[in-house]
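Walk me through the aromatic residues of this model, then through one of its helices.

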Amino acid sequence: MEVQGYYDSFSRNLHMVDDALRAGLDLRTTALETSLPLEIYVLSEVLNHGGASFQLTTDGLARVAEFKQQYEASFDNSNAIMRRLLDDAKDYMKTPEGRVLTKEMLIRRLEFFNEAARQMNVMRTQQSLGSPAQYRHPHLSEAALISTLPAQR
């Protein structure tokens, strides 16, 4: 998907991610539990560099809902900032790693949200179909499995 597609679907992707979290989707076995709050933070910094005023005070996955609320409150302004940053190929911002292209920082965040929304949508579909969880359950330990096997002669 090209950049325009990521930009056009960002609002929908953010809504899908937030909706999945509100529905109680378990992310403990994925990298999303750690990466979502970090990506939200970086995205807010990119938008703040462009003139927005996002102020995140929560930690963890609650940061998604906080960002979504602030994003929706300044929807037109935030989208105008994103559009301007995507059109500017020369704007740089300072990060702990050095100076980076603001446009590239924004594109990477938009790509991330596209992929996160897709992944969470797949997980919700699996959950709704009753698929088993994709991680070890405490009651399925090796000792419990061995005790249920028939004795060998």
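Tyr71 is buried because its relative accessibility is 1%; buried means under 20% relative accessible area, exposed over 50%, and partly exposed in between (1.4 Å probe, protein chains only). Phe75, at 33%, therefore counts as partly exposed. This is a predicted model: local features need pLDDT of at least 70, side-chain atom pairs count only at pLDDT 80 or more, and totals for chains, interfaces and linings use all residues. Residues are numbered from 1 along each chain as its sequence is written, and side-chain values use heavy atoms, with hydrogens and water left out.

Rings of Phe, Tyr and Trp (its six-membered ring) pair if their centres lie within 6.5 Å; planes under 30 degrees apart are stacked, over 60 edge-to-face, the rest tilted. The count is six aromatic pairs. Tyr71 and Phe75 make an edge-to-face pair, 5.6 Å centre to centre with 75° between the planes. Phe112 and Phe113 are also edge-to-face, at 5.5 Å and 90°. Phe112 is buried at 17%. Phe113 is buried at 0%.

Now the helix. Helices (H or I, at least four residues) and strands (E, at least two) are DSSP runs, numbered from the N terminus. Helix 2 covers residues 32–49. Its 18 residues reach 25 Å from first C-alpha to last, close to the 26 Å expected; the expected span is 1.5 Å times one less than the number of residues. Its buried residues include Leu36, Ile40, Leu43 and Leu47. Just after helix 2, Gly51 takes a positive phi of about 120°.
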